[in-house]
Amino acid sequence: MPTQSRREFIVATAAGLGALSVAGLSKRALGADAKPMKILFLGGTGFIGPHIIEHGRQRGHEFTLFNRGNRKEMFPDLELIEGNRIVDIEPGLAPLEEQVKAGRTWDAIIDTSNVHTWTEHSAKLLKGAADRYLYVSSLSVYADASKERAEGAELATMPDEVADGIDRLPYDMTYFGAVKARCEAAAERHFPGRALLVRPGLIVGPRDTSHRFNYWPLRIREGGEVLCPGDPTDPVMLIDARDLAKFIVTALEKRATGPCNVNGPTSRDLTIGRLVNACKDATESDATFTWCDAQFLAERGINGWAQMPCWLPPVGAYAGFNKVNIDKARAIGLTTRDLRETAKATLAWFDDWSQGRPAEQGWIYQPGVNAPGITRQREAEVLAEWHEHNG
């Protein structure tokens with residue numbers, strides 16, 4: 001997918017793809033032996049959903065959306081079934097249930113839910129109306145991040161009494177991994193042997209409003225001395241949302257099942273040093289990098305993930321956080337793009353997205369205040385301390 005602004009994304013999806021016939025697309029993209037799929041997407045207009053839909057339509061697949069209808073402008077030419085996955089908020093799942101009772105079927109379901117009861121209700125309702133169920137989970141499902149995580153590792157758990165009280169967002173995110181694990185269990189329970197449980201790591205790229213990865217290309221584009229955490233050889237793993245989308249469509253086409261770790265890169269190991277240098281190459285900035293010891297930073301309230309995004313010290317309970325086995329995903333067809341392209345596309349999207357934010361919602365991106373990272377003032381203070389500390 002070429003770099004696009006949000007407006008260009010909507011226009012291309014609604015007008016460009018909508019003007020092409022599914023039959024014509026499938027003949028070119030899928031080949032003679034492949035069959036276009038009818039896919040029901042539960043959601044579809046958040047972060048990764050539009051990327052999946054765009055790539056899937058390019059491959060010749062047909063999508064129906066089930067969501068609240070809050071972003072109809074994104075895919076005006078797609079069929080939309082309006083409802084709510086919180087069953088006690090009208091109309092709940094009733095509109096979808098009517099479709100099922102009328103004999104409606106799909107080849108596959110895509111579910112990106114972050115609430116286990118949502119997946120339980122939808123998978124139970126749709127178990128006779130679809131061939132397969134693809135659930136987008138998370139690497140957070142694993143109970144132990146101190147060592148490399150493979151698909152057979154132990155999963156996170158939570159007390160039943162806590163789980164019973166979660167039926168919507170937000171909730172205590174301490175239980176996020178356990179909730180995701182319960183979502184997986186629900187998908188597998190109602191689609192035994194027919195569920196694919198995709199477990200991505202940190203998802204980055206265009207449309208990412210968490211701004212975790214975004215901190216680095218934005219900060220490095222500004223140039224000057226940049227505070228960097230730990231050692232440049234510390235491992236980092238992440239996946240561009242567009243690469244994840246391509247993998248999801250490929251996995252459905254290949255009828256893959258079971259749990260599957262999806263992270264990157266697939267071509268070579270990534271480190272925090274390679275990450276910041278890729279951002280420098282992408283932005284052609286004059287940035288210089290000063291690497292500060294992890295303990296030194298922690299003593300000053302600057303920690304991994306929140307203040308130093310994408311990175312965690314590879315020690316103790318998180319020694320294996322950025323060491324994930326992705327052999328199964330590679331075998332299915334996972335490939336990842338050059339990180340410099342991800343940085344460029346992220347910046348192009350961010351510049352367009354942030355243009356309308358202040359007037360639209362009164363929000364201005366401020367790392368260290370309302371987004372991951374640290375303020376420029378705090379960065380300068382810590383760098384000064386570091387230089388003094390080291391003479």
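The backbone oxygen of Lys246 lies 2.9 Å from a polar atom of the Thr250 side chain, where a polar contact is a pair of N or O atoms within 3.5 Å, one able to donate a hydrogen and the other to accept it within protein, and where residues adjacent in sequence count only if both atoms are side-chain atoms. The model is predicted, so that local features need pLDDT of at least 70 and side-chain atom pairs count only at pLDDT 80 or more, whereas totals for chains, interfaces and linings use all residues. Residues are numbered from 1 along each chain as its sequence is written, and side-chain values use heavy atoms, with hydrogens and water left out.

Thr250 is located in helix H9 (residues 241–253); helices (H or I, at least four residues) and strands (E, at least two) are DSSP runs, numbered from the N terminus. With a relative accessible area of 16%, Thr250 is buried, a term that denotes under 20% relative accessible area, as against exposed at over 50% and partly exposed in between (1.4 Å probe, protein chains only). The C-alpha atoms of Thr250 and Gly56 are 8.9 Å apart in space, although 194 residues separate the two in sequence.

Gly56 is itself one of the buried residues of H3, which also include Gly49, Pro50, His51, Ile52, Ile53, Glu54, His55 and Arg57. Helix H3 (residues 49–58) is thus mostly covered, with nine of its ten residues buried. Gly60, which follows H3, has a positive phi, near 100°.

Asp240 belongs to strand S9 (residues 239–240) and is buried, at 3% relative accessibility. The side chains of Asp240 and Thr342 are joined by a polar contact of 2.7 Å. When residues up to four places away in sequence are not counted, Asp240 touches Val204, Arg337 and Thr342, contact being defined as heavy atoms within 4.5 Å.

Helix H7 (residues 176–190) has 15 residues and should span 21 Å at 1.5 Å a residue; the end C-alpha atoms of H7 are 22 Å apart, which agrees. The expected span is 1.5 Å times one less than the number of residues in the helix. H7 is mostly covered, eleven of its 15 residues being buried. A pair of aromatic rings is described by the distance of the centres and the angle of the planes. Rings of Phe, Tyr and Trp (its six-membered ring) pair if their centres lie within 6.5 Å, with planes under 30 degrees apart counted as stacked, over 60 as edge-to-face and the rest as tilted. By this rule there are eleven aromatic pairs. One of them, formed by Phe296 and Trp386, is edge-to-face, at 4.9 Å centre to centre and 75° between the planes. This pair links distant parts of the chain, with Phe296 in helix H11 (residues 294–298) and Trp386 in helix H14 (residues 376–389), 90 residues apart. Phe296 is buried at 5% relative accessibility, and Trp386 is buried with a relative accessible area of 15%.

Phe350 and Trp353 form a tilted pair, 5.9 Å centre to centre and with 45° between the planes. Because these two residues are three apart in helix H13 (residues 339–361), about one helical turn separates Phe350 from Trp353. Phe350 counts as buried at 6% relative accessibility, and Trp353 is buried with a relative accessible area of 13%. Both residues are part of one aromatic cluster, formed by Trp349, Phe350, Trp353, Trp363 and Tyr365.

Charged side chains were also found over ring faces. Arg149 lies over the face of Phe321, at 5.1 Å from the ring centre, and Lys280 lies over the face of Phe289, at 5.9 Å from the ring centre. The criterion is that NZ of Lys or CZ of Arg is within 6 Å of the ring centre and within 35 degrees of the ring normal.

For the protein chain as a whole, 14 helices and eleven strands are assigned. The chain has a radius of gyration of 22 Å, close to the 21 Å that the globule rule gives for 391 residues, so the chain is as compact as a globular protein of that length. The radius of gyration is taken over C-alpha atoms, and the globule rule is 2.2 Å times the number of residues to the power 0.38. The C-alpha trace spans about 75 × 45 × 40 Å along its principal axes. Of the 391 residues in the protein chain, 51% are buried. Among contacts between residues at least 6 apart in sequence, 77% join residues at least 24 apart.
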